Amino acid sequence: MCEVSRVYTAMRDDIRAFLADVEKPGRYSGGEPGSVFKNPDEVQLRVAFCFPDTYEIGMSNLGMRILTQALNEVDGVWCERVYAPWTDMEDEMRRRGIPLFTHESGDGVGEFDIVAFTLQYEMCYTNVLNMMDLAGLPLRSADRGEDAPIILAGGPCAYNGEPMAPFVDIFSIGEGEEALPELARLYLSMKKDGSFTKEAFLRAAARLEGFYVPSLYEICYKEDGTIASITPKYDDVPAKVKKRIVADVDHTVVPTCPVMPLIETVQDRVTLEVYRGCVRGCRFCQAGFISRPVREKSVPVLCDLARETAENTGYDEISLMSLSISDYTEIDELTDRLLEWTDEKKINLALPSLRADSFTKELMDKVSSVRTSTLTFAPEAGTQRLRDVINKNVTEEEILGACRIAFEAGKNQVKLYFMNGLPGETEEDLAGIADLAAHVLDEFYRTPGRNRARPPQVTISVACFIPKPMTPFQWEPQEDMETLLAKQKFIASKITDRKIRYNYHDARTSHMEAVLARGDRRLADALELAQKEGFRFDSWEDHFCYDKWMDVLRRVGLDPAFYANRSIPDDEILPWDMIDCGVSKSYLLRERHKAQQGTPTPGCHDQCSGCGADGITDAKNCTWCPGGKMRGGNAPVKAAKPDASAPAKPAEPAQPKGLPGFVPPIDPTKTLFRPVRILFRKRHPALFIGHLDLQRIMMHIVTRSGLPVYYSEGYNPRPKLVFASPLSVGCASEREILDIRVRSDVSLSEIKERMTAVAPDGIDILDAYESAAKLSEIAFARCRLIFHTPHASAEAAEQIEKRFASPVLMIKKSKSGEKEVDITSLMRGLQARYDADNGTLVVEAITACGNTEYLNPEYIADAIARETELITPESWHETARCMLLTSKLKEFR
């Protein structure tokens, strides 16, 4: 188990005054468990690793976790995290002149040596530019001087980074766990020997495998707008930049002690990367081609990683991540080994990328062993003809068979993913989407063992086809906007059953994504203009404006149809032709032509097609593909069918059932539990989290402690935790109460000791004791507010007391609405004093804190700000709940 870090760099003082007023302030407070803190005076290279979207999305990104850890493992390097501030936070930062800052040190991003961005999707480009601008950096590389940070970018969109090329100094192509540390060591070496200049560093970086420096390439255009040539400016600059891959994935960087968010994120679970690459070859799928070749992690390694990460995080779900988890050659052994201890721990196994043609009852049972969830399959097209065109090697019979297995197991909800606007699509194919959904419903009613307690629900989600670089469909056009919208309406008209729910993606966003996906450097003018006009969070529906984007493109003289809606000839130079993704262009062209003929290609596990992923286009010599004649490295080998005549394998030694700190199996009907009350303190950096996030943190503490606690019953078992009164965001507490039930043979001292050992900074376990007092006896709380204001004085304290001696009317919000109340009627006294030593005003009040009456102490702060002139825009205050009280104003314990 990794140790709990108690080292913390204080939050920036200049955001304290307003942080509690923005949405989800826990996004910005920093200090999360697992954060890496180093002495700035002892490092020679500082990297700001930026995710150009919200904290909740960025903290869920496994790639960012891997790469920040890989860089922090290099001596002399400190890599810190940065996320795009939401609009309310950004507006306050700009108004107050606060630059974009990192989560660890709080230093401005513009002060760093390298600023790295991960480009996960095209619609984040405006966020990248906006973050650079908020950091005080010139957007274009040509305008940044010698002292400015090096701008580095990577991720899937780097395979065609041309729209961003004028802004980015270096693109990292491929996998970065080995590449980025190598680039960092190059930087350190050149700094040490005195040879570093920006120009010299970029030239040297271009000679490393996997790094594309766009300023070192000359792009020439023809009169019709197509590319005439792509030419390196120097002889030592490669004409093709080969992507970087990690050959041995068993020994790569894995963050088993990850940074743990203090607020809920998109994916609050262990993400276990099982293998890289894909054997299928769907012709629209960029991820499948750029991640080749297939490299599997071994079962023992995966089991060790899963155990260690689960123990260190307290998560109650493990998601097995890959492009198609059921294609993992050892999936049965892996899931069997994991279930040996995950069931005991009430940890759920999630298999999010299942294929219908390899889904079995055994897998169904395993994913439902702890918690139930909706199963998702991706037919992608409504007819077999179109599935052959796109090389989705799955039949309707296999889809229905997979659904039948789910229905037999008691499932009554299934999700199906499709695309519309695919090359060669007809109305029959679109109608087939609705037909297939109806056939799934029919299959439910044909299943004898179906769940009759609830009606079935089939949800179909239809996305618009977007031609992506490095795929066989990179040459194909996206259909125009009117056609896409008409097709969406056509599908809706074919759905007549209420049990089929139809969702579809915004065609306008998809059109703009296609423009950027196949774009060239000339689009940089549009991106720069968009950023200057306030474009940001374009991947969010409530921020994206299609008409404004079309206006921007018109003003810079670009036609979006040239990029998105044009069929590209086979021999045309593509904007990304200087990048070698490992799969040969000739192979992609062959696949394009086979799609036009409606001919599918077998998966790599059945037959090698010579894609070039190993630098070899001859199928007979493929060293990666399981279907090839040769195999090497740690490439997967398709398991042979067992030989009935062969002698039985000796039984493997039994695996240990326990895990240090992990809960042994408990039968609640036979085990005696006793109620235990936990007294704890909440302080910074856990200050700016809400009550639901506090519940999550305490859940993780209980789980990580390994205490044998009582679990709730039903479909989603979790430790049974009961809290006293909720705390508002920004409110600290000196004595909070949590009730749990622990197995009777565990001592109170051991409970406190084990919870203390795993509690993050900001949560202090004060005591564990037995109490007969019921939480319903809580009626009041003693609260303290400390105001940091230039008007603090003894006279000001007297003014506050005098004002609260008479009614103070405020608009109080609740779930039932808003109403005007006298907040003094919800108080049992208020005292104010001047703290001369600290120059602050201290207000202490006893406020209602029961089940029927409750006063958030922030109403007192709001009233002081409104009713007096003591609070200025630069003032800020601290709020703390000191003690919970009974109706007789005695301390509740």
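Select Glu-427, Leu-430, Ala-431, Ile-433 and Ala-434 in α14, then Lys-487, Phe-490, Ile-491 and Lys-494 in α15: these two sets meet, contact being heavy atoms within 4.5 Å. The model is predicted: local features need pLDDT of at least 70, side-chain atom pairs count only at pLDDT 80 or more, and totals for chains, interfaces and linings use all residues. Residues are numbered from 1 along each chain as its sequence is written, and side-chain values use heavy atoms, with hydrogens and water left out.

Colour that contact by residue class.

Now show both helices whole: α14 spans residues 427–446 and α15 residues 481–494. Helices are DSSP runs (H or I, at least four residues), and strands are too (E, at least two), numbered from the N terminus. The two axes come within 8 Å and cross at roughly 45 degrees. α14 is therefore oblique to α15.

Next, go to Asp-268. Find this residue in the loop between β9 (241–242) and β10 (270–273). Is Asp-268 buried or exposed? Asp-268 is buried, with a relative accessible area of 18%; buried means under 20%, exposed over 50%, partly exposed in between (1.4 Å probe, protein chains only).

Display its neighbours. Not counting residues up to four places away in sequence, Asp-268 touches Pro-261, Tyr-315 and Arg-696.

Terms used: Axes fitted to C-alpha atoms, helices over the stretch in contact; angles between N-to-C directions. Parallel < 35°, antiparallel > 145°, perpendicular 65-115°, else oblique.
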